[in-house]
Amino acid sequence: MTTAQGTTVAATNANNGTVITTDATITEVLFDGERKTPPTGALWFITLTAVANRSDAGDATAMRIEGLIDNSSGTVVVVGAPVNSTTFNSTAATSNYNLSIEVISNQLQVMVQGDAGHTVSWTVKMDIMNAS
């Protein structure tokens with residue numbers, strides 16, 4: 001993409017995923033039915049923003065994590081640790097909601113964790129800045 005000043009900048013894209021959890025089991029979030037993983041030779045800076053809503057009790061939280069994901073010669077890794085994490089305006093004081101990422105079999109997995117015995121609706125947005 002080229003700005004009005006003639007500067008070329010890398011394009012970003014966003015993907016949305018939704019999932020419903022009914023207990024505290026860690027659950028994978030898919031984006032358009034698939035995992036998002038950088039292609040070989042690519043470096044991504046990702047921002048994941050999640051909203052969790054437990055409608056039966058008015059518990060809600062928003063959270064964000066950010067990190068670098070590198071695919072060097074087909075080996076996918078999270079660069080550095082820990083990934084930056086922020087929780088915003090949570091009304092879920094007694095809940096253990098969580099948003100995380102991990103690499104399994106060279107694929108990036110986005111995971112959420114709800115609350116035992118409660119139905120929680122999740123919406124997760126992944127913004128990707130590609131530096132390849």
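Start with S3 and S8: the two strands run antiparallel and are joined by ten bridges. Strands here are DSSP runs of E of at least two residues, numbered from the N terminus, and two strands pair if DSSP finds at least two bridges between them. This is a predicted model, in which local features need pLDDT of at least 70 and side-chain atom pairs count only at pLDDT 80 or more, while totals for chains, interfaces and linings use all residues. Residues are numbered from 1 along each chain as its sequence is written, and side-chain values use heavy atoms, with hydrogens and water left out.

Within this pair, select Leu48; Met126 in S8 stands opposite.

S3 and S4 pair in the antiparallel sense over twelve bridges, and Val51 stands opposite Ala62 in S4. The hairpin of S3 and S4 has four residues between the strands, and Gly58 takes a positive phi near 70° there.

Stay in the loop between S3 and S4 and pick Ser55. Ser55 counts as exposed because its relative accessibility is 64% (exposed is over 50% relative accessible area, buried under 20%, partly exposed in between, with a 1.4 Å probe and protein chains only).

Turn to the largest nonpolar core, which has 24 residues. Such a core is a set of buried Ala, Val, Leu, Ile, Met, Phe, Trp, Tyr and Cys residues joined through side-chain atoms within 4.5 Å. Select Ile46, Leu48, Leu99, Ile101, Val110, Trp122 and Val124, the residues with the most contacts inside this core. S3 (43–54), S4 (59–72), S6 (98–104), S7 (107–113) and S8 (120–130) each supply at least two of the core residues.

Centre the view on Leu99. Which residues does Leu99 touch, not counting those up to four places away in sequence? They are Leu48, Ala50, Met63, Ile65, Val110, Met111, Val112 and Val124, with contact meaning heavy atoms within 4.5 Å.

Finish at the largest pocket. Select Met63, Arg64, Ile65, Val83, Ser85, Thr87, Tyr97, Asn98, Leu99, Ser100 and Ile101 to show its lining. S4, S5 (75–88) and S6 each give two or more residues to that lining, and S6 gives the largest share, four residues. By type, the lining residues are six nonpolar, four polar and one charged.

Technical notes
On a 1 Å grid over the protein atoms alone, a cavity is a set of points where a 1.4 Å probe fits but cannot get out, and a pocket is an open set with protein on both sides within 12 Å along at least five of seven lines; lining residues have an atom within 4 Å of a point. Ala, Val, Leu, Ile, Met, Phe, Trp, Tyr, Cys and Pro count as nonpolar, Asp, Glu, Lys and Arg as charged, and the others, Gly among them, as polar.
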